[in-house]
Amino acid sequence: MWTKDKILTREQLPATLDGWRAAGRKVVFTNGCFDLLHLGHVDYLEQARHLGDALVVGLNTDASVSCLKPGRPIQDEAARARILASLAFVDAVVLFGEPTPLELIELVQPDVLVKGDDYSIEAIVGHEVVLAHGGTVRTVALVPGYSTSRIVARILATQ
Ligand SMILES: Nc1ncnc2c1ncn2[C@@H]1O[C@H](COP(=O)(O)OP(=O)(O)OP(=O)(O)O)[C@@H](O)[C@H]1O
Ligand SMILES: O=P(O)(O)O[C@@H]1O[C@H]([C@H](O)CO)[C@@H](O)[C@H](O)[C@@H]1O
């Protein structure tokens, strides 16, 4: 499979989900901006993948990121999507342009919803939807010291 084939539209996603579920695969969902991919992201995504049998990553579009994080993203959505898709433990990447992934989560109906433990369970968008459908909501411990913001700050400090 070519990495670009993992990058799906919302229209393409249902058929992929149906195939996975027909094969008995538990679907894990997470989301984020993933601007500059770092060790924390890699550790977190790999752990998320191992909470089920297929990992779908909802990726904020450039417009969505810009609303959440002024001046960002540094890498555009095409680059961020392709880099995420290149990870062996990421099975699908789907862009979303809304401020939150709620609509996408309602479409995916994941068996497991995951975020880093910088979020409480109650602060994770979509937790009610997933719990109401019998799914689970999990957090993964952060790798200390890693964030896109810190990388940016370190680079700026060298200027
Ligand atoms: N150090 C880390 N260890 C594990 N998971 C992380 C870490 N940093 C971010 N994550 C997780 O990665 C996902 C995407 O987060 P995000 O794209 O905001 O990364 P970030 O590095 O925190 O970016 P920023 O510094 O711009 O906030 C979130 O679920 C977040 O919990
Ligand atoms: O990369 P971030 O900032 O961790 O990702 C955000 O996560 C929000 C989260 O799901 C709230 O529980 C989400 O609403 C936002 O769109 C970003 O994906």
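This is a predicted model: local features need pLDDT of at least 70, side-chain atom pairs count only at pLDDT 80 or more; totals for chains, interfaces and linings use all residues.
Colleague: What makes S2 and S3 a pair?

Modeller: Two strands pair if DSSP finds at least two bridges between them. S2 and S3 are joined by 6 bridges and run parallel, so they meet that definition. As an example, Phe29 has Val56 of S3 as its bridge partner. Val56 also stands opposite Ala92 in S4, and S3 and S4 pair in the parallel sense over 5 bridges.

Colleague: How do you know that S1 is joined to S4?

Modeller: There are 2 bridges between S1 and S4, which run parallel. The definition asks for at least two, so S1 and S4 count as a pair. Leu8 has Val94 of S4 as its bridge partner. S4 itself is mostly covered, with 4 of its 5 residues buried.

Colleague: What is the order of the strands in the open sheet?

Modeller: The 6 strands follow the order S1-S4-S3-S2-S5-S6, with parallel pairing.

Colleague: Why are S1 and S6 called edge strands?

Modeller: S1 and S6 (136–140) each pair on one side only, and that is what makes them the edge strands.

Colleague: On to the helices. Which residues of H1 are buried?

Modeller: In H1 (residues 13–22), they are Leu13, Leu17 and Trp20. They span an arc of only 60° around the axis, which puts them on the same side of H1. An α-helix has 3.6 residues a turn, so residues three or four places apart point the same way.

Colleague: Which exposed residues sit on the face of H1 turned away from its buried side?

Modeller: That face carries Ala15, Asp18 and Ala22, and exposed here means over 50% relative accessible area.

Colleague: What covers the buried residues of H1?

Modeller: The cover includes strands S1 (7–8), S2 (27–32), S3 (54–60) and S4 (92–96), together with helix H5 (102–108). After H1 comes Gly24, whose phi is positive, near 80°.

Colleague: Why are the buried residues of H4 said to lie on the same side?

Modeller: Arg80, Ala81, Leu84 and Ala85 are the buried residues in H4 (residues 77–85). Their arc around the axis is only 130°, which puts them on the same side of H4. They pack against S1, H2, S3, H3 (62–68) and S4.

Colleague: Now the largest pocket. What is its volume, and how many residues line it?

Modeller: Its volume is about 730 Å³. The lining has 32 residues, and Gly32, Lys69, Lys115, Asp118 and Tyr119 lie nearest the centre.

Colleague: Which element gives the largest share of the lining of the largest pocket?

Modeller: H2 does, with 3 residues. Each of S2, H2 (39–49), S5 (112–116) and H7 (148–157) supplies at least two residues of this lining.

Colleague: How many residues of the lining are nonpolar, polar and charged?

Modeller: By class there are 16 nonpolar, 11 polar and 5 charged residues in the lining of the largest pocket.

Terms used:
Residues are numbered from 1 along each chain as its sequence is written. Chains are lettered from A and ligands numbered from 1 in the order in which they are written. Side-chain values use heavy atoms; hydrogens and water are left out. Buried means under 20% relative accessible area, exposed over 50%, partly exposed in between (1.4 Å probe, protein chains only). The arc is that of the directions from the helix axis to the C-beta atoms. Contact means heavy atoms within 4.5 Å. On a 1 Å grid over the protein atoms alone, a cavity is a set of points where a 1.4 Å probe fits but cannot get out, and a pocket is an open set with protein on both sides within 12 Å along at least five of seven lines; lining residues have an atom within 4 Å of a point. Grid points are joined across faces, edges and corners, and a volume is the space filled by probe spheres set on the points. Ala, Val, Leu, Ile, Met, Phe, Trp, Tyr, Cys and Pro count as nonpolar, Asp, Glu, Lys and Arg as charged, and the others, Gly among them, as polar.
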